[in-house]
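Please look over the sequence and the model below before reading the notes that follow.

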Amino acid sequence: MPTTPACPQCTLENTYIDGGNFVCADCGFEWAASGEASADAGAVVRDSNGNTLANGDTVVVIKDLKVKGSSIALKQGTVIKNIRLVEDDSEHIEGNSDKIKGLVLKTMFLRKA
């Protein structure tokens, strides 16, 4: 019987295999059973339709959004070109519209163009 490794988060050895992942019974942490867990595996950024987003993509706003600190609202259908992904955050992107610069938007209100 193969031995399971200690949990990389809490370092306890009470772990088991569940499907393709190791699971720690003490803290609930899960990691890939097929070797090293990659740092980019959890950093996939997806739009409201589940499409993968990358730096430089163009997205469209799917709902009217109020912009904090501005009297201008982003209307449905506004195009945000050349987006930048926020490091270590898969729910936000940075971008500029024609009227407002320096926006940080939630990906749940965007779709890939």
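The model is a predicted one, and each value below was computed from it.

**Fold and overall form**

- The protein chain contains zero helices and 10 strands, so that its radius of gyration of 19 Å, well over the 13 Å that the globule rule gives for 113 residues, belongs to a chain more spread out than a compact globule.
- Taken along the principal axes, the box filled by the C-alpha atoms of the protein chain has dimensions of roughly 60 × 25 × 20 Å.
- Among the contacts in the protein chain with a separation of 6 or more, 36% are made by residues 24 or more positions apart.

**Surface and burial**

- Of the 113 residues in the protein chain, 23% are buried.
- The protein chain exposes about 7,700 Å², and carbon and sulfur atoms supply 48% of that area.

**The nonpolar core**

- The largest nonpolar core has 14 residues, and those with the most contacts inside it are L74, I80, I93, L103 and L105.
- At least two residues of this core are supplied by each of β4 (59-61), β7 (79-85) and β9 (103-106).
- When neighbours within four places in sequence are left aside, I80 is in contact with D57, T58, V59, V61, G95, N96, S97, L103 and L105.

**S97, a buried loop residue**

- S97 is placed in the loop between β8 (92-96) and β9, and because its relative accessibility is 5%, where buried means under 20%, S97 counts as buried.
- Again leaving aside neighbours within four places in sequence, S97 is in contact with L74, T78, V79, I80 and L103; L74, I80 and L103 are also listed among the residues with the most contacts inside the largest nonpolar core.

**T3, an exposed residue before β1**

- T3 lies in the segment that precedes β1 (15-18), and because its relative accessibility is 73%, where exposed means over 50%, T3 counts as exposed.
- Although T3 and H92 are 89 residues apart along the chain, the distance to consider in the model is that between their C-alpha atoms, which are separated by 39 Å.

Technical notes: Residues numbered from 1 in each chain as written. Predicted model: local features only at pLDDT ≥ 70, side-chain atom pairs only at ≥ 80, totals over all residues. Heavy atoms only, no water. Helix = DSSP H or I, 4+ residues; strand = E, 2+ residues; numbered from the N terminus. Rg over C-alpha atoms; globule rule 2.2 N^0.38 Å. Buried < 20%, exposed > 50% of the residue type's maximum accessible area, 1.4 Å probe, protein only. Contact = heavy atoms within 4.5 Å. Areas by Shrake-Rupley, 256 points an atom, 1.4 Å probe, with all protein chains shown as cover. Core = buried A, V, L, I, M, F, W, Y, C linked by side-chain atoms within 4.5 Å.
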